[in-house]
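This briefing covers selected features of the structure shown below. The points are grouped by topic.

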Amino acid sequence: MKRNKIAVAGIALLATGAMALAGCSAGENPDQGGGSEFQADPDAIILTNGTEPEHPLIPTNTNEVGGGKILDEIFAGLVYYDGDGAPVNDMAEEIITEDPQNITVKLKKGHTFTNGEEVTADNFVKAWNNGAQAENAHLSSYFFEDIEGFINDPGDAANPDDDIFGAQGDMSGLKIVDDHTFTITLNKPASDFALRLGYSAYYPLPDVAFDDMEAFGENPIGNGPYMLAEEGAWQHDVQIDLVRNDDYKGERQPANGGLTIKFYATQDAAYADLQGDQVDVIDEIPPVSLPTFQDDLGDRAVNQPSAVFQSFTIGQFLPHFSGEEGVLRRQAISMAIDREQITDKIFFGTRTPAADFTTPVIAGWSDSIAGAEVLEYNPEKAKELWAEADKISPWEGEFQIAYNSDGGHQEWVDAVTNSITNTFEIEASGAPYPTLAVMREQINARTITTAARSGWQADYPGMYNFLGPLYATNAGSNDGDYSNPEFDDLLESGISNPDAEAQIEEFTQAQEILLNDLPAIPLWYQNATGGYSQNVQNVTVGWNSVPIFHQITKAAE
Amino acid sequence: MLSYILRRLLQVIPVFIGATLLIYFLVFAMPGDPILALFGDRSPNPALVSALRERYHLNDPFLVQYWYYITGVLQGDLGVTFSGRPVSEVLVDTLPVTGRLALMAIGIEFTMAIIIGTISAMNKGKIFDHVSLIVALVSIAIPIFVLCFLAQYFLAIQWGWFKPTVGADNDWGGLWLPALVLGFSLYAVSMRLMRSSVIDTLNQDWVRTAYSKGLPRRRVIPVHVLRNSLIPVITHSATSFGILLVGATVTEGIFNVPGVGNTLYQAAIRGEGPTVVSFVTVFVILYVLVNLVIDLLYGLLDPRIRYV
């Protein structure tokens, strides 16, 4: 009897636990009627997600979103991009493009860094020179490669061993006219250079940064709408606390009191926090939650096209893919892919089928460029084209698409290769690589023997950024070694054309050539996905998939 | 006793050298260029890549890189991550967090194992014993990440008893949820060990003697039985500690605990040699030391055990 008491107590405990777990259905959290009075608290701190920056917070040495998200809030450059991707003057009073190779920048007067120092032309020029120095090897140094004085071309006299990439000493193309004016001279025509100036590589730095760049990277002093809450506000791998910068006089006036960016190791953790009301805004949804997040969050879910373009590149050096036969096969493959079905079934509507080589969020995008039919699913036409190619040279072997297994690509690659197998009755499959680094190594060395997935995230909302670096002859990211002189001519003519409308015209014509030659097969635009809690309002996501934080308002606790 | 401890400590040195060499070699042999990975889908200029490789000594042969690293370690410099932070700093930030998590998890595991194991043993064959076996089997069968997600979804999001993630709140109080999940996933084996150990002890002559002397159960069990039954369980918990140090990676990812598991995983993905080797080396040394402490504990628990 006595002994049984303990046993009975134990069983009772276990039973209650089991019943509690079983009894609770997937109960919804009662909606705390967000409809009634929303009193915005101007000093509320917005909680959002981020990742630990991979490098100290120096603008020219940061090229990933973890650091970029922070830099964009604590610094203010010459211009910033509004929600539609259009440039708006921030520190610049006026940017005059005299001709495609000469730009004059006039700064607003009276803007300061948070340590009181005035923002002058010197701050910009010194920061840019520092970022461009070859010996510093900054990751974003290529943003300065168009400025005179930047050594890049192998044929350059100053680069005999072809092992210098960057400036040596101050760039001759940057001249300070007076405290609030400086000029930029480019070494090749680039009439969209003014458009690029919103990117974080072009931010100014206060003089104190040059005294100790390492310490500055830990506790940066900026001139933007937010600033670090205190010294040591950056808790590595945990979070960074930003507060509103009341000295900021620009247009991006914050409607809240600050921003706490919590660093999450996984997207699942961020989404769990959003459901548990521990974070206000997140800008990524874990793959497992893609099917359900729009139902869970309702109109607090974010799902809109972004500036990320996905494709797979078929190198010009692969057998059967060059010359006329190559063009036929590429077009055939492109028409054998049902992009609608894949984006719907595999990605649950979080990708938008591609209609060109750029992205809907930039000016001049069009979904009716001549030749865009090649991006529509048309298996009959595809078979025809493939048969024609076989007449030139019969197909042999297996068609493979390389991808990195750590990026969640297996499903769509399998879907695409299955579709190819079914349409052409050839062998097709995916070729997984363990990490992106391994795959990129082979791609860069041109030792890759298969097609490979590729993608592009725009640095600035301009068409040239999607076309030049990827498809111009010998361009830096031209993985497939594509070369078409007609295309190059149109690009050059467009980039030297001072008229924005005419520029878009010429780039669109250039895309017509791409749609015929298909150096890479466009797949889809990646949508910006995310969500926000009931405590915040006015959440809009910018062209770069990052929420526009300074506009977000939060209810008083 | 002292010479025993010294001999055990001396063993740490060959373990240290062997482990660092092996791990460094493994990281070195990994395919893929970590510098290229920094640029994602873009192809950086080759001159820039080679400048960066120079900076991180990635062009030097394996033994040279290893030499740099070892001489650094002996001077207290564990290397620098790609982001410029000293690895020792990263260790100092993350090790206490995982240490707290591991200690709490072991504490919970231990407590559950001892209590449930003892009660099961005393009620051998009765309902409590059977139910505890089933619950133990279930806890072993369910993968840890499923347990984590279940706990996070129900206990944190639906019922709000805990916060879904840890993040900045990684002091003792904030780590309850992940510690509970970890402890629950591990307690089963310890519990069964405890149970069989107690059953064995209960059959000993001296326990029967104690009862026949008239001692009440509440004195016999804690004072006479428990102490003698703990040895197998303590040995097992030394193994648990090793599992917890690195096996907590999955749990740390799901609950966003800024501990070593996470950092190590990220560093391994990026191919950061110094970070991976330093962390793993510290683990190896810790594991050896913990085992030493456990072995010495036997002497406390069982006076018959003596070290020469």
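The model is a predicted one.

- Helix α3 of chain B holds S50(B).
- I35(B) lies 15 residues from S50(B) in sequence, and the two C-alpha atoms are 8.9 Å apart in space.

**Contact between chains B and A**
- Chain B puts 51 residues into the contact, and chain A puts in 49 residues.
- On the side of chain B that touches chain A, the elements giving two or more residues are α2 (34–37), α3 (46–55), α5 (87–122), α6 (127–141), α7 (144–158), α11 (249–255) and α12 (260–270) of chain B.
- The most on that side comes from α3(B), which gives six residues.
- By class, the residues on the side of chain B that touches chain A are 25 nonpolar, 17 polar and nine charged.

**Helix pair α12(B) and α13(B)**
- The axis of α12(B) comes within 8 Å of the axis of helix α13 (residues 273–301) of chain B, and the two cross at roughly 145°.
- The crossing of α12(B) past α13(B) is left-handed.
- From α12(B), the residues making the contact are V260(B), L264(B), A267(B) and A268(B); from α13(B), they are T275(B), V276(B) and F279(B).
- This contact of α12(B) with α13(B) consists of six nonpolar residues and one polar residue, with no charged residues.

**Helix α11(A)**
- Helix α11 of chain A spans residues 379–392, which is 14 residues.
- From first C-alpha to last, α11(A) reaches 20 Å, close to the 20 Å expected at 1.5 Å a residue.
- Which residues of α11(A) are buried? They are A382(A), L385(A), W386(A) and A389(A).
- Seen down the axis of α11(A), the buried residues fall within an arc of 100°, so they line one face of the helix.
- In general, an α-helix has 3.6 residues a turn, so residues three or four places apart point the same way.
- The buried residues of α11(A) pack against α9 (323–335) and α12 (410–424) of chain A.
- E380(A), A387(A) and K391(A) are exposed, on the other side of α11(A).

Technical notes:
Residues numbered from 1 in each chain as written. Chains lettered and ligands numbered in written order. Predicted model: local features only at pLDDT ≥ 70, side-chain atom pairs only at ≥ 80, totals over all residues. Helix = DSSP H or I, 4+ residues; strand = E, 2+ residues; numbered from the N terminus. Expected span 1.5 Å × (residues − 1). Buried ≥ 20, exposed ≤ 12 C-beta atoms within 10 Å, placed from the backbone. Arc of directions from axis to C-beta. Contact = placed C-beta atoms within 7 Å. Nonpolar A, V, L, I, M, F, W, Y, C, P; charged D, E, K, R; others polar. Axes fitted to C-alpha atoms, helices over the stretch in contact; angles between N-to-C directions. Left-handed = near helix turned anticlockwise from the far one by under 90°.
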